[in-house]
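Open the model in a viewer and keep the selection tool at hand. The stops below go from one space in the protein to the next.

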Amino acid sequence: MPEPAGASAFPAAASAAELLADARERTDAQLASWASSLAPEIGGRTGQALSYALLTPGKRVRAALVLAAFHAVGGRGPGIAGVAAAVETVHAYSLVHDDLPCMDDDDLRRGRPTTHRQFDVATATRVGFLLVPVAARILSAAAAELGVAPETLGRMAAELFQAGGIEGMVGGQWLDLEAEGRSLTLAQLMTVHRGKTGALIRASCTLGGIAGEAPAVRVAALTAFGDDIGLAFQIADDVLDCTGTSEELGKTAGRDAALAKSTYVQLLGIDGARREAEALARRAIEHLERGGVPSGALRTLAGYIVSRTS
Ligand code: GRG
């Protein structure tokens, strides 16, 4: 299917660095446009802080997964960048709140002061909450641009906000906070991380499939891929927290140990954790093969997720 006029071609055979750069370019343009209209709409310091939180430079892994999943199932059209931006907005909210003193209490994020450090705790708290309906607006605008049926928008919204809620990210974070200072079993840790980190990554893959109006069997394969790669992402994060520097990570290294969190490294050692992440990445790709989803860019991103250095 030819790409409509105005859409730049998707670099399916590109390297991970190129896929992420493409996702950054497309998503950041969307986020910048929303930030410039929302900052005056909200006004004052809160408007500025919302813009700060939306525009801090992330790797855009979730956005890249949305784009790759969409193109893997034959989806076409520039509107998908809005779906990617909606996912990154939910992610941005989670980072703002995660860094607050009542949660992980951190000063550095994406190489910059966290939102509550740059502004203040009350403003950052408001901004986090405001970003959730902003994500809904971005998703709804993206669905209109893609020209999908209202039912498809409903499925996308259910997927994104269930993944971001008690059954996913909020539930996982809650368990994670309750587990500070306690030793978890591997099974308990997997439950925490499939929720806290994995749910939004899984939803990124599923959303690409739904937006591309793929048949159920292919959407299910993308969901299974996302589930395994989401957990692998968090295992890699645990490894990086003890092997990377704050400068490389753009956030405070060694935070898990400082907060006495159970991690994969603690349970499996660094090499064991790396092996587990790699096994999950291999299994993730098998789901795509079984479901008949061309794995190209998704395979590249899976490889990146388990070998990344930041
Ligand atoms: C009310 C209990 C409760 C929770 C609110 C704060 C929150 C919801 C959830 C926290 C979710 C969270 C921050 C999980 C960690 C995910 C993670 C590994 C983030 C880092 O992702 P990267 O490396 O970051 O993709 P960049 O900056 O590149 O986007």
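**Stop one: the largest cavity**

Select α4 (80-98), the element that gives the most to the lining of the largest cavity, with 3 residues. The model is predicted: local features need pLDDT of at least 70 and side-chain atom pairs pLDDT 80 or more, while totals for chains, interfaces and linings use all residues. Residues are numbered from 1 along each chain as its sequence is written, and side-chain values use heavy atoms, with hydrogens and water left out.

Some terms are needed here. On a 1 Å grid over the protein atoms alone, a cavity is a set of points where a 1.4 Å probe fits but cannot get out; a pocket is an open set with protein on both sides within 12 Å along at least five of seven lines; and lining residues have an atom within 4 Å of a point. Points are joined across faces, edges and corners, and a volume is the space filled by probe spheres set on them. Helices (H or I, at least four residues) and strands (E, at least two) are DSSP runs, numbered from the N terminus.

The largest cavity has a volume of about 90 Å³. Select Thr56, Leu95, Val96, Arg109 and Thr115, which lie nearest its centre among 13 lining residues. Besides α4, both α2 (44-55) and β2 (112-113) supply at least two residues of this lining. By class, the lining has 6 nonpolar, 3 polar and 4 charged residues (Ala, Val, Leu, Ile, Met, Phe, Trp, Tyr, Cys and Pro count as nonpolar, Asp, Glu, Lys and Arg as charged, and the others, Gly among them, as polar).

**Stop two: the second largest cavity**

How many cavities of 30 Å³ or more are there? The count comes to 2. The second largest cavity holds about 30 Å³ of space. Its lining is His193, Lys196, Gln234, Asp238, Asp256, Lys261, Ser262 and Thr263. The elements that give two or more residues to this lining are α9 and α10. The lining has no nonpolar, 4 polar and 4 charged residues.

**Stop three: the largest pocket**

Next, show the largest pocket, with a volume of about 960 Å³. Of its 43 lining residues, select His91, Leu95, Asp98, Arg109 and Lys251, the closest to the centre. Which element gives the most to this lining? It is α4, with 7 residues. Other elements that supply at least two residues include α3 (61-72), α8 (169-178), α9 (186-211) and α10 (216-243). By class, the lining of the largest pocket has 14 nonpolar, 10 polar and 19 charged residues.

**Stop four: the ligand**

Stay at the largest pocket, where the ligand sits (more than half of its atoms lie within 2 Å of the grid points).

Now look at the polar contacts (pairs of N or O atoms within 3.5 Å). A polar side-chain atom of His91 is 2.8 Å from a ligand oxygen atom. For Arg62, an N or O atom of the side chain is 2.7 Å from an oxygen atom of the ligand. Arg110 also places a polar side-chain atom 2.7 Å from a ligand oxygen atom. The protein covers 89% of the 760 Å² of accessible area that the ligand has on its own (Shrake-Rupley method, 1.4 Å probe).

**Stop five: the second largest pocket**

Finally, select Phe10, Ala12, Ala68, His71 and Ala72, which lie nearest the centre of the second largest pocket, lined by 12 residues. Both α3 and α14 (296-307) give two or more residues to this lining. The pocket holds about 160 Å³ of space. Its lining has 7 nonpolar, 3 polar and 2 charged residues.

How values were computed
A polar contact is a pair of N or O atoms within 3.5 Å; within protein, one must be able to donate a hydrogen and the other to accept it, and residues adjacent in sequence count only if both atoms are side-chain atoms.
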